Amino acid sequence: MILTMGVDLGSITAKCVILQDGCQVLAERVVKGGMVGGGAEKAVTETLAAAGVTQGELAYVVATGYGRVIFAEANEEMSEIGCHGKEAFFQEPSARIVIDIGGQDAKVIRLGAGGRVVNFVMNEKCAAGTGRFLEVMAQAMGYHVSELAQIGSQATGKVAISSTCTVFAESEVISHLAADKKLADIVAGIHESIARRIAGLAHRVGLEEKILVTGGVAQNQGVVAALAERLGRELLVPRFAQVNGALGAALYAFEKSSHCH
Ligand code: ADP
């Protein structure tokens, strides 16, 4: 039995996965606090405890994400793009596009044969089109980001959010609330706004038939549905969408450790 660990230090969250023999997820955790805030240690401790494994039993540990350099306990680092590609290929070998929507950036990755990364584009300059945008809007309306999908599912229309800038869009949302627009329709408009940005990014990479959506925002079915409609395609959301990068890291760790045996 070979146990490996993948740690993904994102901007907002830290994720950790323990994998048995490169295929079975023993435990996975997402904790608040990414690069700053001690998220890595907490995520690792909690995942080890949940899997009933000690650090010494791990054959290999790979770190990824923005903050990977600050995680000194890893045996190796790997780029986030590479990890996403690796995991996406493992989950769905025919997938050719991965759309990862995280807290601070969004990426569209095109994969070639064997899950090799052929091309990618990234939006990291602005919060629009990322999870941060949803967090700001949810907060402005007095809700948690995890409640948005459910609220948006009651929509009968979409209130247009015309500003792309998060700060202006927030003011728009507040004026729509003040004007007594239906909450669900405002939320649907917010989902549409983020879908529009992501679709623009995806078109720059070119679309292929099988598309996987990962990252924390993939848990919001409202965003996924709006994006599917915009792209005119069915989107696949893997079971461990938010920890996709960490899973890719754990998988890479498995490949490395099996070479050593
Ligand atoms: P990063 O890797 O940049 O830290 P994540 O991939 O973890 O980011 O995504 C964080 C984003 O995911 C948040 O900004 C939020 O919009 C979204 N999110 C997190 N949890 C949930 C949830 N339970 N339901 C819907 N969206 C969520």
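1. Helix H3 covers residues 131-141; helices (H or I, at least four residues) and strands (E, at least two) are DSSP runs numbered from the N terminus. Its buried residues are Gly131, Phe133, Leu134, Val136, Met137, Ala138 and Met141, where buried means under 20% relative accessible area with a 1.4 Å probe, protein chains only. The model is predicted: local features need pLDDT of at least 70, side-chain atom pairs count only at pLDDT 80 or more, and totals for chains, interfaces and linings use all residues. Residues are numbered from 1 along each chain as its sequence is written, and side-chain values use heavy atoms, with hydrogens and water left out.

2. Contact here means heavy atoms within 4.5 Å. After H3 comes glycine 142, with a positive phi near 85°.

3. The chain as a whole contains 8 helices and 10 strands. Its radius of gyration is 19 Å, close to the 18 Å that the globule rule gives for 261 residues, so the chain is as compact as a globular protein of that length. The radius is taken over C-alpha atoms, and the rule is 2.2 Å times the number of residues to the power 0.38. Along its principal axes, the C-alpha trace spans about 65 × 35 × 30 Å.

4. Of the 261 residues, 53% count as buried. Among contacts between residues at least 6 apart in sequence, 63% join residues at least 24 apart.

Terms used
Buried means under 20% relative accessible area, exposed over 50%, partly exposed in between (1.4 Å probe, protein chains only).
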